[in-house]
Amino acid sequence: MEETKKKMPHPMNKKTAKLIRYSVIIIALFVFGYSTYQLVDTYLGYKEGTDAYEDIQNEFFGNLVVVDDDNSNASDDSSDDETDESETNSGSGSIDITNNTSGDTLSALDFAGLVASNSDSVGWIKQVNNSYINYPIVQTTNNDYYVHRLFDLTYNLSGSIFVDCRCSEALESKNVLIYGHNMYNKSMFGTLKYYYEKDGWYDDHKYFDIWSGYTHYRYEVFCLIETNVNSTDFYDKITFSTDEDFMEWITKRREEATFDTDVEVTEEDYVVSLSTCLGNGRDGRRFIVMLVRTATINDEDNSVIETW
């Protein structure tokens, strides 16, 4: 019986297999290295944005410290020793209201300082019971400039919180469109999604405080909407020719809302629409939190000056 001859592997096959193994390893290392670089770069970008806005909060916005003009020097001399750490380290600074007035108004916002730092400043937004949304608001002549620019104009993916350029009266417009990114680290408008992701979030987060210049307004959530960035019926409706036109628009928004709080909105009211992306935003989906102005607040004692 004839012996079966064993085929010896061609020497090139071993070399080819070895080359393929090395190539796979090199590609894997490259992918790992690039992914690590991307993660580190993203983290550093987030940190840069967060640190920048914390500095702005500490410089221009905070708890009011009422200073007696007659004793201001004495107060300055002892401030370092007697300042309550729980106040100064709470994420917001302390503003001397003797240097922070507009007529008879006392404000928690150093608006003059904010404008001196960035002339596009129009106010400030802070969500009640949520330390993440606590930012200056800007507005310029187009809706692209602040998409990836911080308040100090540094390029950063976090961008800024900004008012639609078509709102001719800025934060005093009938319907104010305010944009902010849905950031993964919860910064900017990254916590708005909690309204539909977390049970009970609305119950503890019904209110927003918005400063238009030195004037402090309280707003309440009245509905939540999911829409598309190309929705002309929503995004192109900035002004209203009549009160009836305004109320018809409000009724349509409430009809398409995913959640309605039953808070009343009348023809005399002013509304704010907070707009952010759903998911990564690439499919054009947008999430809107709609607010109605309910009161003007006295910053000195947080009392209501006027209800709307």
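The model is predicted. The largest nonpolar core has 69 residues, and the structure holds 15 aromatic pairs.

**Nonpolar core**

- Ile 178, Tyr 195, Phe 208 and Leu 274 touch the most other members of the largest nonpolar core.
- The strand that gives the most to this core is E10, residues 215-228, with seven residues.
- In soluble globular proteins, nonpolar side chains tend to be buried together.

**Aromatic pairs**

- A pair of aromatic rings is described by the distance of the centres and the angle of the planes.
- The count of aromatic pairs in the structure is 15; among them is the edge-to-face pair of Tyr 194 and Trp 201, with 5.0 Å centre to centre and 75 degrees between the planes.
- Tyr 194 and Trp 201 are both buried.
- Tyr 217 and Tyr 219 are also an edge-to-face pair, because their ring centres are 6.4 Å apart and their planes stand at 80 degrees, where over 60 counts as edge-to-face.
- Tyr 217 has a relative accessible area of 8% and is therefore buried; Tyr 219, with 2%, is buried as well.
- A cluster linked by ring pairs contains Phe 162, Tyr 179, Phe 234, Tyr 235, Phe 240, Phe 246 and Trp 249.

**Charges over rings**

- Arg 149 lies over the face of Tyr 145, and the distance to the ring centre is 3.9 Å.
- The ring of Tyr 270 has the charged end of Arg 293 over it, 4.6 Å from the ring centre.

**Surface patch**

- A nonpolar patch on the surface is formed by Tyr 22, Ile 25, Ile 26 and Leu 29, which together have about 440 Å² of accessible area.
- Ile 26, one of the patch residues, belongs to helix H1, which covers residues 11-60.
- Ile 26 is exposed because its relative accessible area is 56%, and exposed requires over 50%.

**A buried loop residue**

- Asn 156 sits in the loop that runs between strand E6 (134-138) and strand E7 (161-163).
- The relative accessible area of Asn 156 is 4%, so this residue is buried; the cut-off for buried is under 20%.
- Asn 156 and Glu 48 are 108 residues apart along the chain, while their C-alpha atoms are separated by 7.9 Å.

How values were computed
Residues are numbered from 1 along each chain as its sequence is written. This is a predicted model: local features need pLDDT of at least 70, side-chain atom pairs count only at pLDDT 80 or more; totals for chains, interfaces and linings use all residues. Side-chain values use heavy atoms; hydrogens and water are left out. Helices (H or I, at least four residues) and strands (E, at least two) are DSSP runs, numbered from the N terminus. Buried means under 20% relative accessible area, exposed over 50%, partly exposed in between (1.4 Å probe, protein chains only). Patches are made of residues with over 30% relative accessible area and no salt bridge: like charges are joined within 9 Å, nonpolar side chains (Val, Leu, Ile, Met, Phe, Trp, Tyr) within 5 Å. Accessible areas come from the Shrake-Rupley method with a 1.4 Å probe; for residues, only the protein chains shown count as cover. A salt bridge is a side-chain nitrogen of Lys or Arg within 4 Å of a carboxyl oxygen of Asp or Glu. A nonpolar core is a set of buried Ala, Val, Leu, Ile, Met, Phe, Trp, Tyr and Cys residues joined through side-chain atoms within 4.5 Å. Rings of Phe, Tyr and Trp (its six-membered ring) pair if their centres lie within 6.5 Å; planes under 30 degrees apart count as stacked, over 60 as edge-to-face and the rest as tilted. A charge sits over a ring if NZ of Lys or CZ of Arg is within 6 Å of the ring centre and within 35 degrees of the ring normal.
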